[in-house]
Amino acid sequence: MRLNEDPAAFEAFYRRHVDAVLKFVTRRVSDPHLAADLTADIFLAALDSAHTYVPGRGSEIAWLYGVARNVVSARHRQAAREARATGRLAGRRLMDDDDLVRMEERIDAERRMRSALEAMAGLPEGERAVLELVAIDQLTVSEAAKALGIRQVTARVRLHRARRALENVASPAPVYVEGQA
């Protein structure tokens with residue numbers, strides 16, 4: 001079939017089989033909107049896979065029913081997946097307005113840390129490694145130096161450089177409040 005190459009051939013094919021396909025679909029679903037969508041999906045799938053039709057293996061309608069069965073089955077599988085996903089959410093408490101406010105406050109509170117982590121990513125590897133061990137992992141400078149296999153003086157210099165590089169990110173900007181000097 002050359003349905004995808006000849007619009008007139010596709011129109012004739014559609015007109016010959018639309019009633020049979022619609023009947024096939026309505027026996028399997030009860031929602032009229034879903035039936036219309038599935039019928040359209042079936043003809044789109046037939047158009048896409050027209051090159052697979054071999055006349056010697058059966059009639060057009062038999063082939064089209066095979067396409068229809070696949071489309072309807074795929075829709076049922078999709079609906080089942082959606083139902084399982086909805087079931088997993090059932091019984092869980094959704095966020096209310098107070099939860100959203102607390103979440104926004106938490107995000108705002110962590111904004112400075114996100115900025116610091118982004119700035120740390122721009123540091124040279126040696127400085128970043130010392131800073132992470134001291135500031136995040138809570139090691140002493142001496143312990144960080146041992147962990148990195150460097151001298152303690154080198155670790156102190158790298159830590160100092162890293163802190164200076166991050167100084168603008170880590171220090172809070174002054175906040176102007178109207179009425180205060």
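The model is predicted, so local features need pLDDT of at least 70, side-chain atom pairs count only at pLDDT 80 or more, and totals for chains, interfaces and linings use all residues. Residues are numbered from 1 along each chain as its sequence is written, and side-chain values use heavy atoms, with hydrogens and water left out. Two packed helices are described by the angle between their axes and the distance between the axes.

**Confidence**

- The protein has an average pLDDT of 85, and 90% of the residues score at least 70; pLDDT is the predictor's confidence in each residue, from 0 to 100.
- Helices are DSSP runs of H or I with at least four residues, numbered from the N terminus.

**Helix 1 with helix 3**

- Helix 1 (residues 7-26) and helix 3 (residues 60-89) have axes that come within 10 Å and cross at roughly 45°. Axes are lines fitted to C-alpha atoms over the stretch in contact, and angles run from 0 to 180 degrees between N-to-C directions.
- Helix 1 is therefore oblique to helix 3 (under 35 degrees is roughly parallel, over 145 roughly antiparallel, 65 to 115 roughly perpendicular, and the rest oblique).
- Their crossing is right-handed, meaning that the near helix is turned clockwise from the far one by less than a right angle.
- In helix 1, Phe13, Arg16, His17, Ala20, Val21, Phe24 and Val25 meet Glu60, Ile61, Trp63, Leu64, Tyr65, Ala68, Arg69 and Val72 of helix 3; contact means heavy atoms within 4.5 Å.
- This contact of helix 1 with helix 3 comprises 11 nonpolar, 1 polar and 3 charged residues (Ala, Val, Leu, Ile, Met, Phe, Trp, Tyr, Cys and Pro are nonpolar; Asp, Glu, Lys and Arg charged; the others, Gly among them, polar).

**Aromatic pairs**

- The structure holds 5 aromatic pairs, defined for Phe, Tyr and Trp (its six-membered ring) by centres within 6.5 Å, with planes under 30 degrees apart stacked, over 60 edge-to-face and the rest tilted.
- The rings of Phe24 and Tyr65 have centres 5.2 Å apart and planes at 20°, so this pair is stacked.
- The pair links distant parts of the chain, with Phe24 in helix 1 and Tyr65 in helix 3, 41 residues apart.

**Helix 2 with helix 3**

- The axes of helix 2 and helix 3 come within 9 Å and cross at roughly 125°, which makes helix 2 oblique to helix 3.
- The crossing of helix 2 and helix 3 is right-handed.
- By class, their contact has 12 nonpolar, no polar and 3 charged residues.

**Helix 4 with helix 5**

- Helix 4 and helix 5 (residues 125-136) have axes that come within 10 Å and cross at roughly 150°, so helix 4 is roughly antiparallel to helix 5.
- Leu117, Met120 and Ala121 in helix 4 meet Arg128, Leu131, Glu132 and Ile136 in helix 5.

Notes. Helix = DSSP H or I, 4+ residues; strand = E, 2+ residues; numbered from the N terminus.
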